Each structure stands twice: as structure tokens, then as C-alpha cells.
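I opened the model and went through it in order. These are my notes.

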Amino acid sequence: MDCYTANWNPLGEDAFYRKFELYTMEWNLKEDLRECLVAAAPYGGPIALLKNNARKEKSPSARPLLEIYSASGLLLASIPWKSGQLVQLGWTASEDLLCIQKDGTVLIYNLFCEFKRHFSMGNEVLQNHVLEAKVFHTEYGTGVAILTGAHRFSLATNIDDLKLRRMPEVPGLQKPPSCWAVLSQDRVTIVLLAVGQDLYLLDNTSCSVVTPPGMSPSAGAYLQMAVSFNYRCLALFTDTGYIWMGLATLKEKLCEFNSSVRSLPKQMVWCMRPWSRQPAVVVAWDRQLMVVGNSTECIQYKRLTIEVLLDRLVLRRLYPLAIRICEYLRLSEIQGVSRILAHWACYKVQQKDKSDEEVAHAINQKLGDTPGISYSEIAARAYDCGRTELAIKLLEYEPRSGEQVPLLLKMKRSKLALSKAIESGDTDLVYTVVLHLKNELNRGTFFMTLQNQPVALSLYRQFCKHQERETLKDLYNQDDNHQELGNFHVHSSYSEKRIEGRVGALQNAVDEYYKAKNEFAAKATEDQIKLLRLQRHFQEDFDKPYLDLSLHDTVSNLILDGHHKRAEQLYREFKIPDKRYWWLKISALANRGDWEEMEKFSKSKKSPIGYLPFVEISVKHHNRYEAKKYAPRVTPEQRVKAFVLVGDLDQAADAAIEHKNETEMNFVLSKCTASTDAAVAEKLNRARAQLLKK
Amino acid sequence: MAAHLSSGRVNLTALREAGRRELRQFLDKCAGSKAIVWDEYLTGPFGLIAQYSLLKEHEVEKMVTLKPGRLPQADVKNVIFFVRPKLELMDIITDNVLREDRGRSPQRDFHILFVPRRSLLCEQWLKEQGVLGSFIHREQYSLDLIPVDGDLLSMESESAFKECYLESDQTSLYHAAKGLMTLQALYGTIPQIFGKGECARHVANMMIRMKREFPGSQNSIFPVFDTLLLLDRNVDLLTPLATQLTYEGLIDEIYGIQNTSEDFFDNLTVEQEFMSGIDTDKANNYIEDCIAQKHPLIKILRLVCLQSVCNSGLKQKVLDHYKREILQTYGYEHILTLNNLEKAGLLKLQTSGRNNYPTIRKTLRLWMDDVNEQNPNDISYVYSGYAPLSVRLAQLLARPGWRSIEEVLKMLPGPHFEERQQLPTGLQKKRQHGENRVTLVFFLGGVTYAEIAALRFLSQMEDGGTEYVIATTKLINGTSWIKSLMEKLEPAPF
């Protein structure tokens, strides 16, 4: 019995712990870990070490050294650190190493110390420098939080989709907070910080003071805080040795404890007590370790999924093993083999000893058109490694032309990008490439390029219509498209604020229409200019608005105002067809109530529109007296209609009877009233009966 | 409300549900209270997918129209722009964002929902204005084909015809192809594709390409549609110009137009004369009188275009005469509108010196003298004698097939074609005896109510053998159609 418990030591009253060695670290470190920047990836991932970071001298031998070890201390890779001063190291969820520099630049390396990319945490951080930094993980990915020298917080929730957020100011904050942590609640990332006895919560928009429920009033100032891995629990440690444990929402206390140790702990972390599966907090000082826990909360940690396991194998370049696992587990192609092959291909393109042809061929041989493979992603990786030609070769295997375009643009193969964009049918892509070309090429070359791509050219014309009309003119000029140039000038004439400007633009249009051999449009526009000039005179002479009326309305207004001579002049000058002129004139005269002039006009010569319109228009203006004058002059076919209109049913009946037309007879009959038109009705009925007899 | 969508042969509710789901997912991404800033153009189409209550359930508290200037001071956590990917709109959004009060507390989060597609161009534009970083979520809502009725889908794209034929901008066709891909994802691959016209060819090409771009995505849904027929509006320019004489069509036509009954009758008589081929080659008295009396310009344009189409173009003298009459009466600024109509082929010069319309009319039996409007036995009842050309093409495709009308098809503009999409053997249809085929007819550039009525009539014919579902870029009538082609020139005041 003894042997089982021999190495267990008591911890408090009802807990025991034991120490045993799982494995020996393979590394042979001369440096004290305390003097290195250290970051260990979660789930037994790699460990990153930066040595010599603190040394100030600039001699190359004393340059900091970045080393990456496996969890068991095997050296995976190392590089001398040549970039700026580092403040913090951290790992992303996908095992990339984040190196956070004092100036706010974050450099990303893979676990073989190969540089991937970098980004900046923004200007504010650059100016005020990084005081402290934390790398954190949420459902959105890996994030970075910075405390700057100006005691402001900046954070990015997901470094793969960088959106920098500058958190609100903490009022009156003059020195760095004693401790702080990043929390994630309701999909929002927030910062909790302690200054003396106060706790502040920073969200996107505001800073608020918070008090944990059940906090002892005499607890003192906060020294340390710890958030559980899943952001559910929070522990706070104060300078009286008091420990508060509760939900990170600060809505509930789980327990409290007085440790009676008043010094700052070296570390405080959440863990799971193995025998009770309950969360607990481990607090460590130099020579003391304490486990605190008392709660019914049960928290499940995420387990390593098969996808993550495969990712880790792939990251370690153990492709055949990963593929064999996929096959063994019968994972779908997209979920399993495709993903691994894609990773393999991305690795393959980095092999500098093989020619572009060889690599491209090898990749296509192995990948073929396996579902879920994105050749454009592999090509992007090749381009990142400086192998543009290889990237272009790989892109040829990409069936989605839409996917090819952004990379081709990045590689400055804009013309190829243009034809791929057009192939895709996606006009948005075409527009994107066109505007890219516009910035990249000089105007002449740009226009020439468009000439050969009608689809792109018409889209660019649309762009110009909305954004830069003047360019439109240059485009038409280049094509010698005089018809469109004419239209262009007509269009611009309407935005001229002065009549001379309008006439000038219209004259340009006339010239272009002639060049286009569109005689009709040229003549019409000349007429328009002529009309504008006349209208200006009328406007001045009669002090009435004439400009911008149509020819029809101009003549009509002249008649309305009694300027018959001028109207006549326009009728002749513009060759208004007789029929239309007569309609126009009698409508205008009737509107004016100038019945005398109308009668005179009706006798001036034989009406080209007949006399029924005279009847109709008089009746429309409720003047039966005048209407009756014209009814007898109407052609025989229209006479019935005319007499009915003027209300002379007797004559209408006579006309209908004379025509021997039953439909007309019925029409007149339908207008007869029994009391007043009995005689007419009788006459009609008789005639109709006779007609039917035959 | 969904009942009318599930009434047809194909249950279109599923399409609308998919649309709603996508919308809900987006709204939930922006946690907290929201204000929506609308591109006004989109309110109509959205109304067909989701009512206000759905938005409200997802914490939409305020809705405003997109316009330049400062955004209203709504006290919400999120401001979401619902916009089409147009640069003009990006400029307005930029203005809105730049004028947002940075000192306001709490600050509001901005998001953009592009409809129907996220645009690299627009994002580039916003980036150049320095505001791209202000948007937390930038997503797309692929609202392409919206179910309007149990057998009717519309893209609600007013300017599709104009863009395709006047501006050579085929954006709407790309959206149409995307919409058809979505439809196939929900209702199975359509095994046969027929088409007539340049736009139809382009859409079919894009569909085939899009399918090839995703070789792995094998559609395992049993196909609901047997055939897709893609028709360019410009293959049949005549039909929308004529006055529709079905109940729905008539309401659509006279809504907002005050015509005396006598004038309406005269107008109809002239239309029918043109369609039956009478006196189409000389200037028409009625049209001249209407111009002289300054009847509404759109009415005149409809008639003149109808005459031009029914005569395969007008003689130079006649065309110039009409144009001059119109310019003198309604104003010279309409020279650009006339030019647009010419570009669209609605108004043209008879170049070949030959009028093909009589041959087309006779072969396709477009004019039927003995119409029975009480108990119709032919689609010509929808225009009191005229059978819509577009619908005749659909009818003849089903039986006896287009091979019988090769000659006429060649006279109509654009290529005609057939494509087949392979189905795995398990999904090939074994038709039950008497089971009808289902054809989706897609009108690229718009469809009229009368054409819909004609297709519904064919669906209901006892021995028809085919049922039709209709898709279109937009529901149109002659007036709205002509209006979309008119150049709006407002003179600057002197």
C-alpha cells in the first residue's frame, strides 16, 4: 500500500499532489529561462525561445537568437534575430509564431523559423511603443492585445483578418495598470484591468468601473488576475492575500479564500483538479504553491480534434503519415487528402533546387483536379517565395478564372488578368482589372489595351459616364466614333449654364454628326440652334419665357400671345408640315378664345386636316355656336359625327339617311331623347325600316 | 403569405426560405441593435423576401434611406448599409462614414451588405477613400432570383435591357447565371438548355463554365426542371410594344394613363393593323394626328417602334419624317432618346430593302383572325389576335421542336443553340405516362404580364404536355420599357 502513496504530498487539508518526470527535455540550455522570452504553444505544441534579448550591445555575436524546440526540447530551427526589439512571443492556434516588436510590428514565422509575413498594430502603438502585449485565442482566431506607453490599449481580435481597435481611454490613468487580461464575452473581445483598488472594463465604446459580486470591502489593491482558458472563470488576487474566484462575466462569485501571503505571486493560472473535475486556481510564489477551488462548475476543455491533429502532422511535414491516417479514417477527400496534398504542394513550391516546369508538373501529376484543391492558393504561395513564373504555370491549372485574377494583378500580369476576368463573365472583376490597368499604364497604352478588349472597353465607358465624363470624349475620339461624339456634345450642352455655352456645344455636335454622315441629326441640331437663338429674341422682345420650349410649344405660345406673324415665320422656316401646323394653330386660337381669327384662318385656304377638328375643338371649349359654323363644311363621311357633336340631331339624321348607313342611323338614334327629338327619331326609324326591306 | 409560392408545380418556397436564412445569418453576425441604411432601389426586392417583422426580430430598430450627409443619430450598436455594388453608392457611404461623429459614445459599428454580390471594385474604391477599415463585416447577399408568384421569378433589375443592349454591360447576365446556379443547387441540374439570342448564349456559356469550375460538387438532387429556355428580349421586340389585353396586363397598361375610351380603341386598331401587316410601310395618319395634338410622347414612341418592328425597319423617308415630327413637337433633346431606340433596334432603317416580318408572322402564326376570347384555344387571345412571338417560340420548342422553324430562327437576331448537362444515371428521369415536363423560360431583358398569361394558358392545356415556370430580369410593359430607354436630359436653367 505504501508504495502508491509514498510520493504524494499533502496540499491543504483534503488534497494531495505528486511530482514525477514525464520525459527529460532534450535541450541543453546554458541560459537561465528567466532571461529569455519564452512562449509554449498550447496542446503540447512547440516552444519558442529568444536568447540574449536583454543585451543592449549591438555586436553581431551578441545578436538575439530565436530558437524553436519541440515540446520535448528537440531543436526544430533557429535564426539570429535581426529585426527590431521584441517585447513578447506567442503562438497562434495554427502554430505560427508571433513576434511582437516594441514598435508594434508583429512578425509571423512558421515553426521552422521561416518568415511568413508581418503586420503593424497601428500608428498609436508605433508612436508610444509597446509596454506589454498578450496573445489570446477566441472563436474568431488568434488575437493580439497591446498596452502602449501612453497607457492605452489596442487590439486585433483576429490577425488573419486584421481590424485594429483602439480601446477607449481609462480616465485619469497615469501609470500602467497593475494587471490586465483579455476576455471574450458574447463574441465581443474586452479588456479587464486593475488600477489600485479599482477594476475597469473596456469594451469597444466605453470604459466602466466594475465591482465583482461578494468582493470583500477590505480586500485591498489588485495585484494579479487570471482568466480560464475558455474565458468563463476569473480569479483576482489582492495585496491582502485575498483571492476572489468567480465567473468572468462578474455576475457570480464561485468562492473566496484568504491565502495570508501578501506578496505578488509569480504565476496564477486556472486548472482542472483531476479527481474532482472541478476548476481550481493554482497560485505560485517562489517557494510556495497553492491550489484553490470550491465550485460545482464543471468545465469541459476542448479536445484535440482529428483535423487539428492532421494539421499538426502537416505542419511538421509528415505528409505520408497524414495521408495514411486520412485513408485509415476514411475521411472525405475535401476534408482529408485534398487538404494535405494542398499543403504538400505549398511546401513543394518552396523547393528552390527544382525548375519551375518540374515543380508545376509534379504538383499537377499528384493533384490532378482533386475536388477542393485550389491551385490559386498554391500559386500564391509560389509567388510569396519569389517564383512568379511557377505561380503563373500553376494558375493555368486553376479552373476558376475569378480566382486567378487577384494573384495575377499582384504579380503585375495585368493584361493576362484582364483576359481571365473577361473569361469569367464577372464584370466586377473586369472593372477591377481595368481600373488597375488605368493606374499602371500610361494613357495611350491603356487605351490601346482596351481597344482589343471590347467587353472591358464598354465597361470602362460606363465607368467614365459616372465618374469622368471628359475621358469619354477621348475614348470616342480614339475610335473616330463621331456619332457618339455628337451625342456627347448634345449631352454636355444641357449642363451649360449660359446660352452661348449651349450653342457652342451644340455646334460641336453638328460638326461631329456631319463627320458621322448623319445628316438628319446634324440638320436637326442646326434647327435646334436656330430655335434657341429665336427664342432668346422672343424672350427679350416679349418679356416672357421662351427658352427651352419645343418648337411646337414656341409656335403655340406665339399664337396664344397674338404674335401671328412670328408664328407664321417659324412655320415656314422650320418647314412644319401643314397638317400639324393647322392642328397647332386652331388649338392655340381656341385656347386664346380668338374665334374670329379661327374663322378667318379656316377660310385662308382649304384645310389640310378637314373641318371636323374645328368642330371638335370648339365643342371642347364649350362653344357650340362656333362649332355649328364648321359642321356643314365637314366631309360627307364625317358629317354625321360633326352634327351630333354640335347637337343638331335633325341634320345628323338627314346625313345618315342620305348615306343609307344603318350604323350611323343607330348612332344618331342613340343620341335622341324621347321628349324632344321624337320627330327625328321617327324619321330615322322609317328610313331604317326602308333600308332593311331592300 | 407563402401559400401562393407553393401553389405551382415547382414549390418556390424553398428558394425564398434559402434567401431568408441567408439574411438572418448575416443579421446575427452583427450582434446588438441595428439600423439599416437602404439603397432605395433594394427595398422593393427585399419586400418580396422578408417582411419588416423578420428584421425587427433580429434587432433592426431603425431604417433610413441612403443619402449623402450625416447619418441620423440613432442610438444603435450597428449601422448596416444594404447596397448594390455601385461606385456612386460607395461615394455616398464614404461621405456618411466620414461625417460620423467620432466623439459620440457609444460608437457605432459599420457593416456593408452587398446585394447581390460583393465587389472587389467597390472595396478598392472604399480603400482609396480611406474608409474600408471602418467596416467590420463586408458580406454579400446573393439575392438574384426572387419568387414573385408560384410560377414566377424575377431579378427585379429594371435596367437590365438597357445595360445589355445600349451599354454592352452584361453584369445582369452574370447575376442571372449565378441565380440559375443557385436554382440548380436547390432544384437539381437542368439537363437541357435551349436558347435564342446573344445574351442567352452568354448566360448559357457562363453556366457551363461555372459548373466546370466546381468539378467536385456533384449535385445529388433529383432534377425538378427538364428544360431551360433562355430568350433574349431583343428576339421579340414586338410583344412588349403592343397593348396587353389580358386582365392583369390591361391593369398594368392603363395604370396611370388617362385615355378616353375612343382614343384607346383607335390606338388598338392601329396596333392591330400593324401587327397583321397592313400599311406598315408609310407614315400613319393616326400617329401624325396624335403627334399634332401632342399626345404623351411614350405612346407615340410605342406606336412608331411597333410600326418599325412590324416592317423590319422603316424607309428612310418615313423614319426621318417621324423623327422630325417628334423633335419639333416634344423638343430636340429627345434626339438622344431616338438614338437609344435605334441602338436597341426598336427603331431602325429598313436596310436590306426586304421586310421579313410577314414571313415570320405567317410561319409562327403570329396573327390569328378567328380569336375566341371567351373560350380561348390559342395564346393569341392575350393580344386579341396577336400571338406573342416569344411564347410561340417556347410552344414550338416543346412541340414539334425548333428544327421545324430553322428558317425563321435565322431571321431573328442572335444564335439559337442547345446544350446538355450530363446527369448521373441515378438521377435520370423515368417519366410516368402522362406526366408533364417542366420548362423554365427565362426572359433576359423583361417579360410582360400577357406573355406570362400565355405561358400559363399553355401550362393548363389538357394535352399540352409541358408546364412552365417563368424567370425574368424584370416585369415590364411597353411604357416602363420605353421609359427605361429614354435619356433623361434636364436643361440647366439659364
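**Chain A, overall**

I began with burial: 47% of the 694 residues in chain A are buried. This is a predicted model, so I treat every value as computed from it.

I then looked up the secondary structure of chain A and found 27 helices and 25 strands. I checked the spread next. The radius of gyration of chain A is 46 Å, whereas the globule rule gives 26 Å for 694 residues. The value is well over the rule, so chain A is more spread out than a compact globule. I also took the extents: the C-alpha trace of chain A spans about 140 × 65 × 65 Å along its principal axes.

I looked at contacts within chain A as well. Of those with a separation of 6 or more, 42% join residues 24 or more positions apart.

**One histidine**

A:His489 sits in helix 15 of chain A, which covers residues 482–493. Is A:His489 buried or exposed? Its relative accessible area is 11%. The cut-off for buried is under 20%, so A:His489 counts as buried.

I listed its partners, leaving aside neighbours within four places in sequence. A:His489 is in contact with A:Lys473, A:Ala505, A:Asn508, A:Ala509 and A:Glu512.

**Where chain B meets chain A**

I turned to the interface. How many residues does each chain put into the contact? Chain B gives 60 residues and chain A gives 61 residues. The two chains bury about 5,200 Å² between them, and 57% of that is on carbon and sulfur atoms. On the chain B side, B:Gln328, B:Tyr332 and B:Phe494 lose the most area to chain A. Together these three account for 15% of what that side buries.

I went on to the polar side of the interface. The rule finds 5 salt bridges across it. I noted a salt bridge between the side chains of A:Arg580 and B:Glu325, at 2.9 Å from N to O. I also counted residue pairs in polar contact between chain B and chain A, both at pLDDT 80 or more, and got 24.

Which elements of chain B supply the side that touches chain A? Several give at least two residues each, among them helix 4 (87–98), strand 5 (135–140), helix 7 (171–187) and helix 14 (316–330). Helix 14 of chain B gives the most, with 8 residues.

Notes
Residues are numbered from 1 along each chain as its sequence is written. Chains are lettered from A and ligands numbered from 1 in the order in which they are written. This is a predicted model: local features need pLDDT of at least 70, side-chain atom pairs count only at pLDDT 80 or more; totals for chains, interfaces and linings use all residues. Side-chain values use heavy atoms; hydrogens and water are left out. Contact means heavy atoms within 4.5 Å. Buried area is the accessible area (1.4 Å probe) that two parts lose on being put together, summed over both. A salt bridge is a side-chain nitrogen of Lys or Arg within 4 Å of a carboxyl oxygen of Asp or Glu. A polar contact is a pair of N or O atoms within 3.5 Å; within protein, one must be able to donate a hydrogen and the other to accept it, and residues adjacent in sequence count only if both atoms are side-chain atoms. Helices (H or I, at least four residues) and strands (E, at least two) are DSSP runs, numbered from the N terminus. Buried means under 20% relative accessible area, exposed over 50%, partly exposed in between (1.4 Å probe, protein chains only). The radius of gyration is taken over C-alpha atoms; the globule rule is 2.2 Å times the number of residues to the power 0.38.
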